[in-house]
Amino acid sequence: MPPPVSADRPPAGHPEGAPSGRVGRAEWGLLTDEADWSVELYRILGLDPSVPALTLDELPALVHEEDRPRLTAMVTGCLVDARPIDGEFRVRRPDDSVRTVHMRGEPVLGTDGGAVSMWALIRDVSELRPHGRPSATGPLPVRRPPLHGPPTLDLAAHHMPGAPPVTAAADWCDVLELPGGAALLSVGDLTGPDPATLLGAVHGLALADIRPSRLLAVLDQLDTTTFLRGAICCHYEPQNRNFTWARSGRRVPLLFREGTGRRLTAPDDPSPGAGSPYGQAELTLRPGDVLLLHTERLGEPDVARMLGLGPRLSTARTARECVRLLAGELGAGQHGDACVLVVRVSG
């Protein structure tokens, strides 16, 4: 049986051309071979919304012949190696017009660690590619490794690359497991040509047991060409679920507990002679709590939308499920090079 038609799909009929920049959503179930698309995706691809959505096996039929190997490699990496999808390819619509799309997605993993489904956001970027060729390189200036932390933390990240031109600035989220089982959690705006060196300094300071407020102060004093601005730096101890954090910008972590989301209260400014210009705050987390650490490119309307997801984020079973909710709410390519780190306390 074909999958149910989404509630936002229009009546049957050939859709009009999709303006560049529109974002569509898709989900493919691997166990049932079902697919579900939003109405915007039908419009982007120029397809009749009354027909069943294409499965992953059928999708390459829409893709430009030269770009099919690229799509295959992205999907294979996602489903086999659990790597996020982040790339562009061209699609040939039924009217023979060609559009360039940017696809971002992630696998949804089952209890055995294998992929059971895959979701994606697909954005029409044709107007950003005047020669019709998809971008050969991704927008990220640094490699983002997988997130690893204490077993009691379920972690996932959502990165929203902005529209070209790409600059030397990029938002970053990072997790470092520390000796004794604690963890460093950080997000911020990296500006400069050598982000790896600065992040190496962050890791070195954390491994030396430098706590968040002092860590940010030491980073300010480093003689480097790369800077971490608008940062949130956190230290988590799983033994007592103690969460200590400091910030160098305006943003604060968001806490979701028992169906309600709220901003954490910013730490007070330290007294003169405290050894750091940054304040530090602490709280005790509970099993089931969800924290969102986000970068400053997300404005107040975005934060309000995230807080509005409180009931759904609090009942989400995994951090990846939280990321999927955030991706659907925030969309893609509208927030600069923004990043959100999801931290779910599982024990």
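**Buried charges and their partners**

Colleague: What makes Asp 67 count as buried?

Modeller: Asp 67 has a relative accessible area of 4%, and buried means under 20% relative accessible area, exposed over 50% and partly exposed in between, with a 1.4 Å probe and protein chains only, so Asp 67 is called buried. This is a predicted model, in which local features need pLDDT of at least 70 and side-chain atom pairs count only at pLDDT 80 or more, while totals for chains, interfaces and linings use all residues. Residues are numbered from 1 along each chain as its sequence is written, and side-chain values use heavy atoms, with hydrogens and water left out.

Colleague: Why is the pair of Asp 67 and Arg 90 called a salt bridge?

Modeller: The closest N and O atoms of Asp 67 and Arg 90 are 2.8 Å apart, and a salt bridge is a side-chain nitrogen of Lys or Arg within 4 Å of a carboxyl oxygen of Asp or Glu, so the pair qualifies. Asp 67 lies in the loop between helix 1 (39-45) and helix 2 (68-81) and Arg 90 in strand 3 (residues 85-92), so the pair ties together parts that are 23 residues apart in sequence; here helices (H or I, at least four residues) and strands (E, at least two) are DSSP runs, numbered from the N terminus. Arg 90 is buried too, with a relative accessible area of 8%.

Colleague: How do you know that Asp 124 and Arg 99 form a salt bridge, and are these residues buried or exposed?

Modeller: Their side chains meet at 2.9 Å, N to O, which is within the limit already given for a salt bridge. Asp 124 lies in strand 5 (residues 115-124) and Arg 99 in strand 4 (residues 98-109), so the pair ties together parts that are 25 residues apart in sequence. Asp 124, at 0% relative accessibility, counts as buried, and Arg 99, at 17%, counts as buried as well.

Colleague: What class do Arg 320 and Glu 106 fall into, and where do they lie?

Modeller: The side chains of Arg 320 and Glu 106 meet in a salt bridge of 3.1 Å, N to O. Arg 320 lies in helix 7 (residues 319-330) and Glu 106 in strand 4, so the pair ties together parts that are 214 residues apart in sequence. Arg 320 counts as partly exposed at 27% relative accessibility, whereas Glu 106 is buried, with a relative accessible area of 10%.
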